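Work through the exercises below with the model open. Each task is followed by a stepwise solution.

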Amino acid sequence: MNKNRLFGACVAVTLSLLGNGVILAAEAAEKLEVTVEIPQLNVGGYHRPYVAVWVQDADAKVVQNVAVWYQLKGKKKGSGTKWLPDLRQWWRRSGRELEMPVDGISGATRPVGKHELTIDSKAALAQLKPGQYALVVEAAREHGGRELVKVPFSWPATAEQSYAVSGEKELGEVTLTVRP
Amino acid sequence: MLRSTLTSLLFVSLFSLTAVAHNVWLLPSQTVLSGEDPWITVDAAVSNDLFYFNHFPLSLDNLQIVAPDGAQVEAANQATGKYRSVFDLQLQQQGTYRIAVLNHGLFGSWNENGESRRWRGTPESFAKEVPSDAQDLRVSESVGRVETFVTNGAPNEVALKPTGKGIELIAVTHPNDLFAGEKSRFRFLVDGKPAAGLKVQVIRGETRYRNSPEATHLTTDAEGEFSVTWDEPGMYWLETSTQDEKTTIPQAQSRRLSYAATLEVLPQ
């Protein structure tokens, strides 16, 4: 899972450097490409936000966890998880059922900037039956706010579809590209 | 020890005589938790409004905490102050804890040589303390449960199993899975059986900051069930009471049953 994602991300980066035409030619496999922007905030005592990214179906049921970035401190299993319920939608829909860390999903908090994620593993895509979904990104920051950005999409796509929704404070632009 | 006995007596009298006028509650610091053996702290009080410590502490003598595996666990750092009691609890298991203060008391009055006598006690102490030939003896029984729920990790329902005694809340919707704008469903049991026609009152906390309590009044249906739609997130107090003649000892004429729960409703 982890390897797949890493590989997918590398492919995505390499191909986007080469340009669109090459992507169409080289990419036969369907996948979802996501970027999550963590905005620069001019506040004192800034802490990187906890962020969860997932795909949910029309009933708000989580079909695929994509990423959870939290403070992985200490060597004890499950340490640093105390504030995970602040990602309250994710916690309710999925987080509380998981034993952290989850291979290929959990990661350390990320700095300000745009972060790329790819969903392209066969196992992940097999969860997506044809229908309406939403990519959901939730962020919660210590001494800061909490925000949730939803990007609705249809699966599968017959042609490449791109979506972008911007957060107001805790999240910048969230983009989703659905490749057929 | 003396202090705790006094408090307990005072509490019992308050609970019995003015239960209608006062709100009895437990207030957990948090209801949804995660991490390595997280701690919560809980306040316990009797007050006029919710959730403020301004009247009387709730005695912790009959505190009963059921852990997610169904076993009873002890609270740490118990203390009783002027207006509230407090205790801490470390959630060493994953799942849902049921935290309750249980009350089971008897109240008697009779005439002795032309003077009226009053007595408070338990079914166990009744025979010892009340003369068997007491004249004009009137005894009432009181069974109360004041509780709240907290969950570490994923909710489970082992601790929520009914004990079959008094009024109990059965979670059709899990009590740590309540969200603003959603409808939650519960069932009330009396002695383990669905209780139809119970009048239920639901009040959101922070009553100090509005003009009226804005209580929602509901009635349980034939299956003992009722639904609540939570307009706003917050700590809610849910209360019901009833009366019957199913007393533990034959000398008691009536039994008063009461129930109060503190439920946290989270924002979406």
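**Exercise 1.** In this predicted model, how many bridges join strand E6 (residues 131-140) of chain A to E7(A), and in which sense do the strands run?

Solution. 
- Step 1. Count the bridges: 10 join E6(A) to E7(A).
- Step 2. Read the sense: E6(A) and E7(A) run antiparallel.
- Step 3. Check one pair. Ala140(A) has Arg146(A) in E7(A) as its bridge partner.

**Exercise 2.** Describe the largest pocket by volume, lining and residue class.

Solution. 
- Step 1. Take the volume: the largest pocket holds about 630 Å³ of space.
- Step 2. List the lining. It has 29 residues. Nearest the pocket centre lie Trp83(A), Pro85(A), Asp86(A), Arg88(A) and Ala140(A).
- Step 3. Assign the elements. Helix H3 (88-93) of chain A and strand E19 (254-265) of chain B each give two or more residues to the lining. H3(A) provides the largest share, three residues.
- Step 4. Sort by class: 11 residues are nonpolar, nine polar and nine charged.

**Exercise 3.** Which way do the residues of strand E5 (residues 63-66) of chain B point, and are they buried or exposed?

Solution. 
- Step 1. Start from the rule: side chains alternate between the two sheet faces in a regular strand.
- Step 2. Apply it. Leu63(B) and Ile65(B) point one way, Gln64(B) and Val66(B) the other.
- Step 3. Check burial, with a cut-off of under 20% relative accessible area. All four residues named are buried.
- Step 4. Find the partners. E5(B) pairs antiparallel with strand E9 (residues 95-112) of chain B over four bridges. There, Leu63(B) is bridged to Val101(B).
- Step 5. Two bridges link E5(B) to strand E6 (residues 72-73) of chain B, again antiparallel. Ile65(B) stands opposite Val73(B).
- Step 6. Inspect the turn. E5(B) and E6(B) form a hairpin with five residues between them. Gly70(B), in the turn, has a positive phi of about 95°.

Definitions and conventions:
Residues are numbered from 1 along each chain as its sequence is written. Chains are lettered from A and ligands numbered from 1 in the order in which they are written. This is a predicted model: local features need pLDDT of at least 70, side-chain atom pairs count only at pLDDT 80 or more; totals for chains, interfaces and linings use all residues. Side-chain values use heavy atoms; hydrogens and water are left out. On a 1 Å grid over the protein atoms alone, a cavity is a set of points where a 1.4 Å probe fits but cannot get out, and a pocket is an open set with protein on both sides within 12 Å along at least five of seven lines; lining residues have an atom within 4 Å of a point. Grid points are joined across faces, edges and corners, and a volume is the space filled by probe spheres set on the points. Ala, Val, Leu, Ile, Met, Phe, Trp, Tyr, Cys and Pro count as nonpolar, Asp, Glu, Lys and Arg as charged, and the others, Gly among them, as polar. Buried means under 20% relative accessible area, exposed over 50%, partly exposed in between (1.4 Å probe, protein chains only). Two strands pair if DSSP finds at least two bridges between them.
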